[in-house]
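Open the structure in your viewer and keep the sequence beside it. The tour goes from one selection to the next.

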Amino acid sequence: MFLKRNGEWLEIMIPTDWANQTVFHTLTTHLGVSKATIQKWNQVSAIIKNNERADVNHKVHEGDTLSLHLFKAEDYGVIPEKRTLSILYEDEHLLILDKPYGIDTHPNQENQKGTLANIVAYHFQSSGQHTRVRHIHRLDKDTSGAIIFAKHDLAHSLLDQSLQARKIKRTYLALIEGEIVPPQGKINKAIGRDRHHATRRRVSPKGQNAITHYSVVEYNTKTNLSTVSLQLETGRTHQIRVHLSSIGHPLAGDLLYGGKKKIIKRQALHSARISFIHPISHEQITVEAPLPEDMATIM
């Protein structure tokens, strides 16, 4: 597959083994684009074949050029707000940041400011990028670390599919109370809303499937705290916090879920590493976010 950017368009040169397939089949099968995204593009003439609007039911031939209008100017979707960002990786398709704790990932109401999305919008604005802010996943307000944003519809669609297919590996580091036995394991407990609390979640047989893998890195006998590495198979709200609390080992500082250790002013949870295949270049992307000072000091 040969891809290159040409202004606002991403050009795809059709190879021999893609010939005699429809435009629709080419986009869904070879690029992995969702049906909904293709319909959206088709409505605004964002798919071109050989410099003419493409009929998605017509076939492509070897050497044809399919062009997708991915890099058009868009509204940011949120109010840009100036603040320094810690960028772990960036190219014309995606952005990976080291999120500080104490800040929401995105606004929860119209015209809200003070979130990471607002700061991303300012970064785009100040660097001449006129693209909508699209987060692929989210981190709780007081969770720090690596988080992914897409810069256009194709990257958004493909990264979202990778997330759903569990192909984006997210590794967290946490400080938890007590010593987990055994030191490695899997927590497989469904999670649902807590009807007695507006924001809290709980383990519930009627909830959504949720799986967390954990491995103890170190146990400190003096503080009775464990440093634990965790990987998510699913991405439920407060999943790590709920799961660890449910087995009697809440996160240090996590007062919402039973944490008693007040040695830190937030839940001690950090998105330390993200690894995935780049949706466009198909290169292996791995980024690591350094531990923030409050967790590093305790560890």
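A charge sits over a ring if NZ of Lys or CZ of Arg is within 6 Å of the ring centre and within 35 degrees of the ring normal. Select R5 and F71: the charged end of R5 sits over the ring of F71, 3.9 Å from its centre.

This is a predicted model, in which local features need pLDDT of at least 70 and side-chain atom pairs count only at pLDDT 80 or more, while totals for chains, interfaces and linings use all residues. Residues are numbered from 1 along each chain as its sequence is written, and side-chain values use heavy atoms, without hydrogens and water.

Next, select L97, V120, V133, F149, L230 and L244. These have the most contacts inside the largest nonpolar core, which has 29 residues. A nonpolar core is a set of buried Ala, Val, Leu, Ile, Met, Phe, Trp, Tyr and Cys residues joined through side-chain atoms within 4.5 Å; buried means under 20% relative accessible area (1.4 Å probe, protein chains only).

Colour α3 (116-126), which gives this core its largest share, 6 residues. Helices (H or I, at least four residues) and strands (E, at least two) are DSSP runs, numbered from the N terminus. Apart from this core lies another, of 22 residues, including I14, W18, V56 and V60.

Last, go to S271 in strand β18 (residues 269-277). Is S271 buried or exposed? S271 is buried, because its relative accessible area is 0%. Leaving aside neighbours within four places in sequence, its contacts (heavy atoms within 4.5 Å) include L139, T171 and A289.

Methods
Buried < 20%, exposed > 50% of the residue type's maximum accessible area, 1.4 Å probe, protein only.
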